[in-house]
Amino acid sequence: MTLAPPEAAGPADYAAALDAILAQVTPILGQGRVADYIPELARVRPDQFGMAIVGLDGQVFEIGAARQPFSIQSISKLFALILALTAEGDALWTRVGREPSGSAFNSLVQLEYEHGKPRNPFINAGALVITDILCQRFAVPANAVLEFLRKLSANPGLNLDRHMALSELGCSDRNAAMAHLMKSFGNLHSPVPAVLDAYCGQCAIEMSCVDLARAMTLLANHGCVAATGERVLGVSPTKRLNALMLTCGTYDAAGDFAFRVGLPAKSGVGGGIVALIPGECGICVWSPALEVSGNSLAGSLALEALTSLTQKSIF
Ligand code: DON
C-alpha cells in the first residue's frame with residue numbers, strides 16, 4: 001500500500017497508516033511469548049494490540065486497544081531518567097554509561113569487569129543506578145515517577161499496580177544481584193531493598209497507548225510539554241535522550257530496530273514500545289507477546305510498517 005508522499009504526510013495519513021498496520025499485524029498477533037519471569041505478567045493475554053499517535057497539536061490517532069492500560073515496565077526507565085537528569089544534570093553520567101550493551105537487558109556479566117558502572121541507563125543495572133538517584137531525592141521515588149507521568153500524559157487517574165510490583169519484588173533475585181554488585185563497587189548509595197522496592201514500583205505503573213504517546217510528545221517537542229509549553233528538559237539533553245533511545249532503547253535488538261524502524265524508541269516487557277518523530281508526534285504501540293530480546297513482536301512490526309508506510313523516520 002502506498003500513502004501520500006512524506007512531505008504531504010499529515011493527520012489523514014496517520015489514520016490510514018494505523019488501519020493498514022492493524023491489517024498487517026493481525027495474522028501474527030499472539031506469536032512470540034509473554035514475559036513469564038514475573039508471575040503477574042505471565043497472566044496477560046498475548047494477542048492484544050493497540051497503537052496511538054499523538055501530534056504536538058494534541059490530535060490523537062488510535063487503533064485497537066489503544067485505551068487499555070498495561071504494565072509499562074522498562075518504559076518507566078525513560079521517565080525515571082528524565083527526572084534524575086532534571087535533578088542531577090550531567091553529573092549522572094559519571095555513574096552510568098551511554099553505550100549499547102550488546103547483552104540482554106538483565107545481564108550481569110559486564111558489571112563485574114566494568115567495575116560496577118552499567119553500560120547505559122536503559123538496561124536493568126543502569127536503571128537501578130537511576131532509581132538510586134531518585135531514592136536520594138524523593139521520599140517515595142515510584143510516586144515521583146507516577147506524578148511526573150500523570151502530568152505528561154495529562155491523566156491524573158494513572159496508577160501503579162501493587163500486585164504487579166509485589167509479584168516482581170518476590171522474584172527479583174537477578175536485579176538484587178546487580179544492585180548488590182554495584183553497591184560493592186560504591187555505585188549504589190541507598191539500601192538495596194529500598195532501590196528494588198522503588199524500581200519494581202515504577203515498572204508496575206499502568207498506562208495506555210494514548211497516555212504514553214501523549215507523554216512522548218515531550219521528547220518530540222524538544223523538551224517542552226506540548227500542551228502547555230512548559231520546559232521540562234533542555235533542547236540538548238532531549239537530543240541526547242533520543243539518541244540513547246535509538247542506540248540502547250531496545251537492548252541487543254537496537255541495531256536491527258534502528259535498521260528496520262529508524263526512530264528513537266524504548267520498549268518494556270509488558271509489550272509496550274514508545275517512540276517519537278521529532279517535531280511531529282509521540283507514538284506508543286502495545287502487544288504483549290515478545291521476541292527473544294524482550295521487545296513486543298507485533299509492536300516492532302507495527303512501528304516498522306508505520307515508518308515504511310508514511311516514509312517518516314529520523315533518517
Ligand atoms: O526488571 C525487570 O526485569 C522488569 N521490571 C523490566 C524489564 C523490561 O521491561 C525490559 N524490557 N524489555
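**View 1. Gln202 in helix α9.** Gln202 is found in helix α9. Helices are DSSP runs of H or I with at least four residues, strands are runs of E with at least two, and both are numbered from the N terminus. This is a predicted model: local features need pLDDT of at least 70, side-chain atom pairs count only at pLDDT 80 or more, and totals for chains, interfaces and linings use all residues. Residues are numbered from 1 along each chain as its sequence is written. Gln202 counts as buried because it has 30 C-beta neighbours inside 10 Å. The cut-offs are 20 or more other C-beta atoms within 10 Å for buried, 12 or fewer for exposed, and partly exposed in between, with C-beta atoms placed from the backbone. Leaving out residues up to four places away in sequence, Gln202 touches Ser76, Ala80, Ala142 and Val145. A contact means that the C-beta atoms of two residues, placed from the backbone, lie within 7 Å. Leu146 is 56 residues from Gln202 in sequence, yet their C-alpha atoms are 7.1 Å apart.

**View 2. The shell around the ligand.** Twelve names make up this view: Gln73, Ser74, Phe105, Asn106, Asn124, Glu168, Asn175, Cys203, Ser267, Gly268, Val269 and Gly294 surround the ligand. Near here means a C-beta atom, placed from the backbone, within 6 Å of the molecule. By class, the shell has three nonpolar, eight polar and one charged residues. Nonpolar covers Ala, Val, Leu, Ile, Met, Phe, Trp, Tyr, Cys and Pro; charged covers Asp, Glu, Lys and Arg; the others, Gly among them, are polar. Domain 1 (13-71 + 207-310) and domain 2 (75-203) each give at least three residues to the shell. These bounds come from an automatic or database domain assignment.

**View 3. Positions listed in the record.** The unreviewed UniProt entry lists Ser74, Asn124, Glu168, Asn175, Tyr199, Tyr251 and Val269 under "binding site". Such positions are given in the numbering used here, with feature names shortened, and annotations may be inferred rather than shown by experiment. Asn124 is found in helix α5 (residues 124-137). Asn124 is buried, with 22 other C-beta atoms within 10 Å. Beyond its neighbours within four places in sequence, Asn124 is in contact with Phe105, Asn106, Asn175 and Met178. Tyr199 lies in helix α9 (residues 192-203). Tyr199 is buried too, with 30 other C-beta atoms within 10 Å. Residues up to four places away aside, Tyr199 touches Ala127, Leu128, Thr131 and Asn175.

**View 4. Where domain 1 meets domain 2.** The chain is assigned domain 1 (13-71 + 207-310) and domain 2 (75-203). Their C-alpha centres lie 20 Å apart. The contact takes 28 residues from domain 1 and 26 residues from domain 2. On the domain 1 side, the elements giving two or more residues are α2 (39-42), α10 (209-220), α11 (235-248) and β7 (272-277). Helix α10 supplies the largest share of that side, five residues. By class, the domain 1 side has 17 nonpolar, six polar and five charged residues.

View 5. Met164, Ala165, Ser167 and Glu168 are buried in helix α7 (residues 162-169). Seen down the axis of α7, the buried residues fall within an arc of 160°, so they line one face of the helix. The arc is that of the directions from the helix axis to the C-beta atoms. Exposed Arg162 and His163 sit on the face turned away from the buried side. The buried residues of α7 pack against α2, β3 (70-71), β4 (159-160) and α9.

**View 6. Ile273 in strand β7.** Ile273 has its place in strand β7. Ile273 is buried, with 29 other C-beta atoms within 10 Å. Not counting residues up to four places away in sequence, Ile273 touches Ala265, Ser267, Val285, Asn295, Ser296, Gly299, Ser300 and Leu303. Ile72 is 201 residues away along the chain, with 8.8 Å between the C-alpha atoms of Ile273 and Ile72.

View 7. Phi of His115 is near 55°, a positive value in a residue other than glycine. His115 is in the loop between α4 (109-113) and α5. With 10 C-beta neighbours inside 10 Å, His115 counts as exposed. Gln311, also not a glycine, has a positive phi near 55°. Gln311 is in the segment after α13 (297-310). Gln311 is partly exposed, with 14 other C-beta atoms within 10 Å.
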